[in-house]
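Reader: I'm new to this one and would like to go through it slowly. Could you take my questions as they come?

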Amino acid sequence: MHAEALSLYKLMLLFMLEKARQPLSLAQMGDFFLAKDYMGFLELQESAAQLESSDMLLLDHRAGQTFAHISSEGLEAIGYFSGRIHPDIRREIIDYLSKNRQLFQENQSVASEVYPNDKGGFDALLTLKEGEEELVRIQLSLPAKDMAYKVCESWRHKNSDIYAQLVRFLF
């Protein structure tokens with residue numbers, strides 16, 4: 001793959017995540033990029049992997065999907081370089097996000113994120129929403145990334161049981 005094209009793909013991913021203001025699955029991003037014939041799924045995966053290795057985004061593997069979260073480094077990079085994306089492409093990305101925002105939010109009713117903390121470990125942020133109302137938010141600090149991902153995976157499958165137990169214990 002040509003280095004210039006790969007750089008553009010990575011900027012487009014960062015731009016989409018910045019404008020979405022929430023994690024998106026690679027499948028959700030792929031729907032746009034494949035439909036517009038901007039990049040194939042392999043280019044999408046390679047771009048996301050390179051962005052993760054350069055700490056510009058975090059990939060969260062849960063429930064058989066991979067979700068991308070933009071990092072502060074990614075936000076900083078897209079702030080400097082978003083002008084390298086053609087204005088028509090930027091507009092198409094914004095339109096796609098606007099048209100699908102409700103669907104993306106519905107898919108986020110049970111959410112989890114993994115991100116590095118300042119103590120050398122990883123935090124797992126677990127949330128459960130009902131409509132717009134956040135029912136519970138739990139942040140766990142863990143010593144290893146794989147442990148944080150395991151907690152997030154368990155949350156995806158057991159969130160209602162965990163929520164019910166919390167309510168029982170607290171009342």
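Reader: Which helix gives the most to the lining of the second largest pocket?
Author: In this predicted model, helix α1 gives the most to that lining, with six residues. Both α1, which covers residues 3–20, and α4, which covers residues 72–81, supply at least two residues each to the lining of the second largest pocket.

Reader: And how much space lies in the second largest pocket?
Author: The space in the second largest pocket comes to about 220 Å³. Among the residues that line this pocket are Glu4, Leu8, Leu11, Met56, Phe81 and Arg84.

Reader: How do the lining residues divide into nonpolar, polar and charged?
Author: Seven residues of the lining are nonpolar, two are polar and three are charged.

Reader: Changing topic, how many salt bridges does a search of the whole structure find?
Author: The search finds three salt bridges. One of them joins Lys36 to Glu92, where the closest N and O atoms are 3.9 Å apart. This pair links distant parts of the chain, since Lys36 sits in the loop between α2 and α3 while Glu92 belongs to helix α5, 56 residues apart.

Reader: Is Lys36 buried, partly exposed or exposed?
Author: Lys36 is partly exposed, with a relative accessible area of 40%, and Glu92 also counts as partly exposed, at 25% relative accessibility.

Reader: What does Lys145 form a salt bridge with?
Author: The partner of Lys145 is Glu52, and the closest N and O atoms of the two are 3.8 Å apart. Because Lys145 lies in helix α6 and Glu52 in helix α3, the pair ties together parts that are 93 residues apart in sequence. Lys145 has a relative accessible area of 31%, which makes this residue partly exposed, and Glu52 is partly exposed at 22%.

Reader: What about Arg91, how far apart are the closest N and O atoms in its salt bridge with Asp88?
Author: Those atoms are 2.5 Å apart. Arg91 and Asp88 are separated by about one helical turn, because they are three residues apart in helix α5. Arg91 is partly exposed, with a relative accessible area of 46%, and so is Asp88, at 39%.

Reader: Last topic: which residues form a nonpolar patch on the surface?
Author: The patch is formed by Ile162, Leu166, Val167, Phe169, Leu170 and Phe171, which together have about 690 Å² of accessible area.

Reader: Where does Leu166 lie?
Author: Leu166 lies in helix α6, which spans residues 145–170. Leu166 counts as partly exposed because its relative accessibility is 31%, and partly exposed refers to values between under 20% for buried and over 50% for exposed.

How values were computed:
Residues numbered from 1 in each chain as written. Predicted model: local features only at pLDDT ≥ 70, side-chain atom pairs only at ≥ 80, totals over all residues. Heavy atoms only, no water. Patch = residues over 30% accessible without salt bridge, like charges linked within 9 Å, V, L, I, M, F, W, Y side chains within 5 Å. Areas by Shrake-Rupley, 256 points an atom, 1.4 Å probe, with all protein chains shown as cover. Salt bridge = Lys/Arg side-chain N within 4 Å of Asp/Glu carboxyl O. Helix = DSSP H or I, 4+ residues; strand = E, 2+ residues; numbered from the N terminus. Buried < 20%, exposed > 50% of the residue type's maximum accessible area, 1.4 Å probe, protein only. 1 Å grid on protein atoms, 1.4 Å probe; cavity = no way out; pocket = protein on both sides within 12 Å on 5 of 7 lines; lining within 4 Å. Points joined across faces, edges and corners; volume = space filled by probe spheres on them. Nonpolar A, V, L, I, M, F, W, Y, C, P; charged D, E, K, R; others polar.
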